[in-house]
Amino acid sequence: MNIQQEKILNGGITLTIDDQEVTVPPGTTILSAAGALGTVIPTICYHDHLTAYGICRLCVVEVEQARVLQPACVAEAREGMTVHTRNTRVERSRRTILEMLDSAVNLEEAPEIQAQLDDYGANRERFENGERRSLPIIDDNPMFLRDYSQCVLCWRCVQVCADDAQYTYAINFSGRGFETSIDTFFEQSLPESTCVFCGQCVDVCPTGALKPKREWLLEQGQTPDEIMQMTRMERRRRKT
Ligand code: SF4
């Protein structure tokens with residue numbers, strides 16, 4: 001077969017992305033259609049194994065005839081659509097999102113976002129007088145630490161804890177506006193919550209906001225033996 005696998009078995013949608021035609025099955029997002037052409041659209045909140053909600057807006061693209069930029073992770077490809085994944089308007093939007101994030105959040109341990117800041121020529125002083133999110137590190141269990149001053153509110157940890165994987169519902173958004181953060185219900189400690197310490201939230205976090213305790217202790221200069229002792233003692237202490 002071909003001619004794009006017989007126009008994806010006759011039910012396909014053909015669109016143009018950055019001057020290249022591509023045919024995809026109905027329901028394909030612009031992000032996936034671009035991926036089929038080898039075009040990488042930057043993302044933060046998107047994860048291949050989680051439901052996309054278009055929260056971070058970094059993946060916005062220009063669709064001809066559309067009034068506003070479209071989030072590629074949730075916008076579906078349509079027949080005859082013409083998409084520009086990286087023009088001046090798109091770059092300005094992505095750059096501003098990154099500059100705002102950088103002004104408010106500690107991104108030191110977010111290498112992918114650091115690379116995006118460089119790629120889009122972000123001016124790290126643009127919002128230098130903006131308020132920074134500064135929150136104490138939460139160390140309430142033997143498995144991992146939570147440093148929400150590094151949290152970009154991508155919602156990946158909440159999704160993986162809920163319907164996308166674990167069905168545990170231990171965490172969710174808390175607060176409003178600038179005070180929004182991730183928390184347990186009624187601000188309980190994690191051991192008091194429904195958390196089962198599966199670690200999936202740590203795996204999907206794109207920043208250093210969620211960090212295995214062992215990794216953190218190694219960074220603090222503790223030896224593996226000292227860590228073993230400490231975490232054993234801590235587990236015992238929490239059981240009593
Ligand atoms: S803790 Fe990590 S995964 Fe959860 S919302 Fe913040 S940055 Fe995203």
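What follows is a chat of questions and answers about this model.

Modeller: Before we start, this is a predicted model, in which local features need pLDDT of at least 70, side-chain atom pairs count only at pLDDT 80 or more, and totals for chains, interfaces and linings use all residues. Residues are numbered from 1 along each chain as its sequence is written.

Colleague: How many helices and strands are there in the protein chain?

Modeller: Helices (H or I, at least four residues) and strands (E, at least two) are DSSP runs, numbered from the N terminus. Counting that way, the protein chain has eight helices and nine strands.

Colleague: What share of the 240 residues is buried?

Modeller: We call a residue buried if 20 or more other C-beta atoms lie within 10 Å of its own, exposed if 12 or fewer, and partly exposed in between, with C-beta atoms placed from the backbone. By that rule, the buried share of the 240 residues in the protein chain is 32%.

Colleague: In what order do the five strands of the open sheet come?

Modeller: Two strands pair if DSSP finds at least two bridges between them. Strand 1 pairs with strand 2 in the antiparallel sense over five bridges, and with strand 5 (residues 82-84) in the parallel sense over two bridges. Strand 3 and strand 5 run antiparallel, joined by two bridges. The pairing is mixed, and the order is 2-1-5-3-4.

Colleague: Which residues of strand 1 are on its covered face, and which on the uncovered one?

Modeller: The uncovered face has Thr14 and Thr16. Thr14 has a bridge partner in strand 2, threonine 23. The covered face of strand 1 is made of Ile13, Leu15 and Ile17.

Colleague: Is tryptophan 155 buried or exposed?

Modeller: You'll find tryptophan 155 in the loop between strand 6 and helix 5, with a positive phi near 80°. Because 20 other C-beta atoms lie within 10 Å, tryptophan 155 is buried.

Colleague: Which residues touch the most other members of the largest nonpolar core?

Modeller: A nonpolar core is a set of buried Ala, Val, Leu, Ile, Met, Phe, Trp, Tyr and Cys residues joined through C-beta atoms within 7 Å. Of the 55 residues in the largest one, the top three are Ile30, Ala72 and Cys157. Elements that each supply at least two residues of this core include helix 2 (30-36), helix 3 (88-104) and helix 5 (156-161). So far as names go, then, the answer is Ile30, Ala72 and Cys157.

Colleague: Which residues come nearest to the ligand?

Modeller: A residue is near a molecule if its C-beta atom, placed from the backbone, lies within 6 Å of it. The shell divides into 12 nonpolar, one polar and one charged. Of its 14 residues, those nearest are Cys151, Cys154, Cys157, Cys205 and Ala209.

Colleague: Which residue is the bridge partner of isoleucine 171 in strand 8?

Modeller: Strand 7 (residues 171-174) and strand 8 (residues 181-184) run antiparallel, joined by four bridges. Their hairpin has six residues between the strands, and glycine 175 takes a positive phi near 80° there. The partner of isoleucine 171 is threonine 184.

Colleague: How far apart are the C-alpha centres of domain 2 and domain 3?

Modeller: Domain bounds come from an automatic or database domain assignment, which gives domain 1 (3-85), domain 2 (87-132) and domain 3 (144-239). The C-alpha centres of domain 2 and domain 3 are separated by 25 Å.

Definitions and conventions. Ala, Val, Leu, Ile, Met, Phe, Trp, Tyr, Cys and Pro count as nonpolar, Asp, Glu, Lys and Arg as charged, and the others, Gly among them, as polar.
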